[in-house]
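Please look over the chain below. This report covers its cavities and its salt bridges.

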Amino acid sequence: MSGLGFSTRQLHAGERHDGPHAPRATPIHLSAGFVFDDFDQAHARFAGADEGFSYTRVGNPTNAAAERRIADLESGSAALLVGSGQAAVATTILALVSTGDHVLSSSSIYEGTRELLRDDLARLGVTVDFIAEPNDLAAWERGIRPNTRVVFAESIPNPKNDVLDVAALARLTRRHAIPFVVDNTLATPYLLRPLEDGADIVVHSASKFLAGHGTVLGGVIVDGGTFPWAAHADAYPQIARTPGPDGLTFAERSPHTAFLDFARRVAMRYGPVPSPLNAFLILQGIETLSLRVQRQSDSALHLARWLEGHPQVESVDYSGLPSSPHHAVARRYLTRGFGAVLAVTVRGGVDGARAFTNALRVFTRMTHLGDVRSLVLHPATTTHVLRDADELAAAGIHPGLLRLSIGLEDLDDLVADLDRALGEVAGVAGTSSAPAEVPVVEAVSPRRLLAV
């Protein structure tokens, strides 16, 4: 696919017309396991000497087709499909750290990832520090320790739409020989490809824009194939020092996919397995990725401009606006569009946000992103409910802030829906002398929804 355009590759990259029938569409291989030709082939597949399939927890032809296509679109050497975006992040981190190691992360990340890093890694003896301003290179430099094993950030975080200077941070991590992992979910490879700007590993929640229709869960890890694992065996012995059944380390056996191959073994053991049906639907979604993301980004920019001028709106967070502090960085990286997710802070605090949300008819009240349908959510009382008032303020999550994920509806219908809802805000804000406080939640159900 080298040299072909993105839209062509999203249809054809990685395809193989296997089998006696040579189907044009990728088949759904709904099988737990696969037949071995003989005794020796079974051994070869378990020992890693044969690349064929043995068990769907380890690999599946439908999943492999999705992996090849996403790796191509992200300019990576290989990819691994897992059960969710959270599984992609967790598998990546667990493949890179051991007890006593340190992770350095942007603070502006998906809330579920933040809680994984802060709470769950701590129980495993891994320490984490967060950088408040993702584009403050001096802060990143100060935060790096001798035992730092991962630097983690998002290309376009939600809900504040602050765009990362990927190349600048990549130069710093390369100088310190630390793998740089970027969550590229909101940008998608259509708008931004972090591996081309120096990142080492990219992760996605494929449930969002890649699948695009709000029907399936999936996650993906893409290995750039450029990090010199063998040169840093002391830091990453699991990849570059521990031999396998063939006597070779992952770095010796496949230097350009060493991390990905080891991550596949981690996923095999922890078991975040994607269904082949989900892989098929993700592939179907990818076939229209550029069309959807372009339309959604264009609509989001129009709505951001319109909202910024509305009297019931206090502020709009969208990097496509000249008023955004991230506009200059966004213009450098996001030449096709600024993405489909934005935040709007309405007047009246929580009461205004409640009135606005309940008045919407076209927007769906739902915790998700990247759907073909437009979605709305109030982060302070949902995705960020475990943060206290000071933490919310520091993150810029104000009581009246709402996250909008723009879909494919007619733009006039979206404007009309927002205008009607803002009319309800006027009634609330006109009687409020000050923004309402975020309500206190006394107990949180263990089944609560994390940020998406």
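## Cavities

A cavity here is a set of grid points where a 1.4 Å probe fits but cannot get out. The model is predicted. It holds two cavities of 30 Å³ or more.

The largest cavity has a volume of about 100 Å³. It is lined by 15 residues. Closest to its centre are Arg-57, Val-58, Leu-80, Leu-81 and Pro-274. By class, the lining has nine nonpolar, three polar and three charged residues.

## The second cavity

The second largest cavity has a volume of about 50 Å³. Its lining includes Ser-106, Glu-133, Pro-134, Asn-135 and Glu-154. Pro-157, Asp-162, Val-163, Leu-164 and His-326 also line the second largest cavity. These residues divide into four nonpolar, three polar and three charged.

## Salt bridges

The structure holds 21 salt bridges. One of them joins Arg-175 to Glu-141, with the closest N and O atoms 2.6 Å apart. Arg-175 lies in helix H7 (residues 166-176) and Glu-141 in helix H6 (residues 137-143), so this pair ties together parts that are 34 residues apart in sequence. Arg-175 is exposed, because its relative accessible area is 57% and the exposed class starts over 50%. Glu-141 is partly exposed, at 31% relative accessibility.

Arg-118 forms a salt bridge with Asp-119. Their closest N and O atoms are 2.8 Å apart. Arg-118 is partly exposed, at 32% relative accessible area. Asp-119 is partly exposed as well, at 36%. Arg-253 and Asp-246 also meet through their side chains in a salt bridge, at 2.8 Å from N to O. Here Arg-253 has a relative accessible area of 31% and counts as partly exposed. Asp-246 is partly exposed too, at 39%.

## A salt-bridge network

Which residues are linked in a network of salt bridges? They are Glu-111, Arg-114, Arg-387 and Glu-391.

## Arg-305

Arg-305 lies in helix H13 (residues 289-308). Is Arg-305 buried or exposed? Arg-305 is exposed, because its relative accessible area is 53% and the cut-off for exposed is over 50%. Arg-305 and Leu-321 are 16 residues apart in sequence. In space, their C-alpha atoms are 7.0 Å apart.

Terms used: Residues are numbered from 1 along each chain as its sequence is written. This is a predicted model: local features need pLDDT of at least 70, side-chain atom pairs count only at pLDDT 80 or more; totals for chains, interfaces and linings use all residues. Side-chain values use heavy atoms; hydrogens and water are left out. On a 1 Å grid over the protein atoms alone, a cavity is a set of points where a 1.4 Å probe fits but cannot get out, and a pocket is an open set with protein on both sides within 12 Å along at least five of seven lines; lining residues have an atom within 4 Å of a point. Grid points are joined across faces, edges and corners, and a volume is the space filled by probe spheres set on the points. Ala, Val, Leu, Ile, Met, Phe, Trp, Tyr, Cys and Pro count as nonpolar, Asp, Glu, Lys and Arg as charged, and the others, Gly among them, as polar. Helices (H or I, at least four residues) and strands (E, at least two) are DSSP runs, numbered from the N terminus. Buried means under 20% relative accessible area, exposed over 50%, partly exposed in between (1.4 Å probe, protein chains only). A salt bridge is a side-chain nitrogen of Lys or Arg within 4 Å of a carboxyl oxygen of Asp or Glu.
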